[in-house]
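Welcome, and thanks for taking a look at this one. Please have the structure open beside you while you go through the notes below.

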Amino acid sequence: MNQFNRRDSLKSLAAFGAAGTLGMLSPLARAQKPITVGVIYVGPRDDYGYNQAHAQAAAELKKLPGVKLVEEENVPETVAVQKTMAGMIAQDGASLLFPTSFGYFDPHILAVAPKYPDVRFSHCGGLWTEKNPKNVGSFFGYIDECQYLNGVVAGHMTKSNKIAFVAAKPIPQVLRNINAFTMGARSVKPGITCHVIFTGDWSMAVKEAEATNSLADQGCDVFTMHVDGPKVVVETAAKRGKMVCGYHASQAKLAPNAYLTGAEWNWLTAYKTILAAAQAGKPHPNFLRGGLKEGYVKTSAYGPMVTDAAKKQADDIKAKMIAGSFDIFKGPLKDNKGKEIIAAGKVQKQTDLELEKMNYLVEGVVGSIG
């Protein structure tokens, strides 16, 4: 970790005017020269969650020939990230940036990128459109596939038929995970309900603990989550004698006797694709997506308490997902208010952009988005 804080640097404040002096290499020269890559995290890199998953990929990237890595953690989704990006470009010579948090994109990346047309910005999330600068791109994974599999395992393991989801914000990616988890569980036992509490932000340790305890009090016995650092939810649920399906990275070490399986990112796949394009001087990949088949996501190893029946059903569905013969979101599908979302006979494939606009909770979810 470069301990120099770019946000507090006067140079970084002035760096917005330095764009013209940077990145003037031809594609051939760029392919032959080392590249400096900047990675920016909204929280700590060892959070057992979102930031750790990115940090693990960045550590692998650093081992590749010709790559210099600069990192900064705990950068909020404010103008602070604009200063960090500018500092990495001006002080470290970064020509490829991975600002990893959802809230970095608009307005921050969109404000900085036009000032540095020769620098590539790769945002983690589903937000890039044709209207955005061509030196900006987004990448994301279909981790709802793994959350569906979490749900299948949860469906087999629950005794109360009440499962729990601790979520940060009701944005499409989060809703997609809640819905997939619920649908996976209800594919095993149609009467299962998934109880959701939104904490309001990505990292709220006290609220995450309160939500977990509240859901445990309501009788939920299998938990998953979509917050930046799942550590609090995992440990709190385990202390209450509940079971857990992890998210972002493996949390098995935190609660080996409670951890069933998990939905993990494999960001190295996207990182290497984006890096290779930069090193070769090829067009910046503006829109990258992938699931289990493409190696963008993976499942945690099963915990010792997972039954053979749970493993078999989850493994069978996983194989179909990889083969492209299993669709999560297909009709007839209703939301938890009884409205039809997808008509019978209709399918929304993983690549359908409608899924990236998701604004509903499916039947079986106990909770509200507004």
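**A briefing on the predicted model**

Val-75 counts as buried, since its relative accessibility is 0%. Please keep in mind that the model is predicted.

**Confidence**

- The mean pLDDT of the protein chain is 92, and 91% of its residues reach 70 or more.
- Residues 1-32 are the stretch to treat with care, as pLDDT stays under 50 there.
- For residues 1-32 the model has 64 contacts beyond four places in sequence.
- Where pLDDT is low, the predicted coordinates should not be read in detail.

**Val-75 and helix H4**

- From Val-75 to Ala-59 there are 16 residues in sequence, and their C-alpha atoms are 19 Å apart in space.
- Helix H4 covers residues 79-92, which makes 14 residues.
- From its first C-alpha to its last, H4 reaches 19 Å, close to the 20 Å expected at 1.5 Å a residue.
- The buried residues of H4 include Ala-80, Thr-84, Gly-87, Ile-89 and Asp-92.
- Gly-93 follows H4 and has a positive phi, near 75°.

**H4 against H5**

- Helix H5 spans residues 105-112, and its axis comes within 9 Å of the axis of H4.
- The two axes cross at roughly 30°, which makes H4 roughly parallel to H5 because angles under 35 degrees count that way.
- H4 passes H5 in a right-handed crossing.
- On the H4 side, Val-79, Val-81, Gln-82 and Met-85 take part in the contact; on the H5 side, the partners are His-108, Ile-109, Ala-111 and Val-112.
- Val-81, Gln-82 and Met-85 are also among the buried residues of H4.

- Helix H6 runs over residues 144-157, and its 14 residues should span 20 Å at 1.5 Å a residue; the end C-alpha atoms are 19 Å apart, which agrees.
- H6 is mostly covered, with 13 of its 14 residues buried.
- H6 packs with helix H7 (residues 172-186) at an angle of about 35°, and their axes are 6 Å apart.
- The crossing of H6 and H7 is right-handed.
- Residues of H6 in this contact include Gln-147, Tyr-148, Gly-151 and Gly-155, while those of H7 include Arg-176, Ala-180, Phe-181 and Gly-184.

**H3 against H10**

- Helix H3 (residues 50-62) and helix H10 (residues 268-280) have axes that come within 9 Å and cross at roughly 45°.
- H3 and H10 are therefore oblique to each other.
- His-54, Ala-57, Ala-58, Glu-60 and Leu-61 make the contact from H3, and Leu-268, Tyr-271, Lys-272 and Leu-275 make it from H10.
- The crossing of H3 and H10 is right-handed.

**Cis peptide bonds**

- Which bond next to Asp-106 is cis? The peptide bond from Asp-106 to Pro-107 is cis, with omega near 15°.
- Asp-106 lies in helix H5, and Pro-107 is found in helix H5.
- With a relative accessibility of 56%, Asp-106 counts as exposed.
- A cis peptide bond also joins Gly-331 to Pro-332, with omega near 0°.
- Pro-332 sits in the loop between strand S13 (329-330) and strand S14 (333-334).
- Asp-106 and Gly-331 are 225 residues apart along the chain, and 33 Å separates their C-alpha atoms.

- Asn-161 is not a glycine, yet its phi is positive, at about 65°.
- Asn-161 lies in the loop between H6 and strand S6 (162-167) and is partly exposed, with a relative accessible area of 29%.
- His-248 is not a glycine either, and its phi is positive at about 80°.
- Is His-248 buried or exposed? His-248 is buried, with a relative accessible area of 1%, and its place is in strand S9 (residues 243-248).

Note on methods
Residues numbered from 1 in each chain as written. Predicted model: local features only at pLDDT ≥ 70, side-chain atom pairs only at ≥ 80, totals over all residues. Heavy atoms only, no water. Helix = DSSP H or I, 4+ residues; strand = E, 2+ residues; numbered from the N terminus. Expected span 1.5 Å × (residues − 1). Buried < 20%, exposed > 50% of the residue type's maximum accessible area, 1.4 Å probe, protein only. pLDDT = per-residue confidence, 0-100. Contact = heavy atoms within 4.5 Å. Axes fitted to C-alpha atoms, helices over the stretch in contact; angles between N-to-C directions. Parallel < 35°, antiparallel > 145°, perpendicular 65-115°, else oblique. Left-handed = near helix turned anticlockwise from the far one by under 90°.
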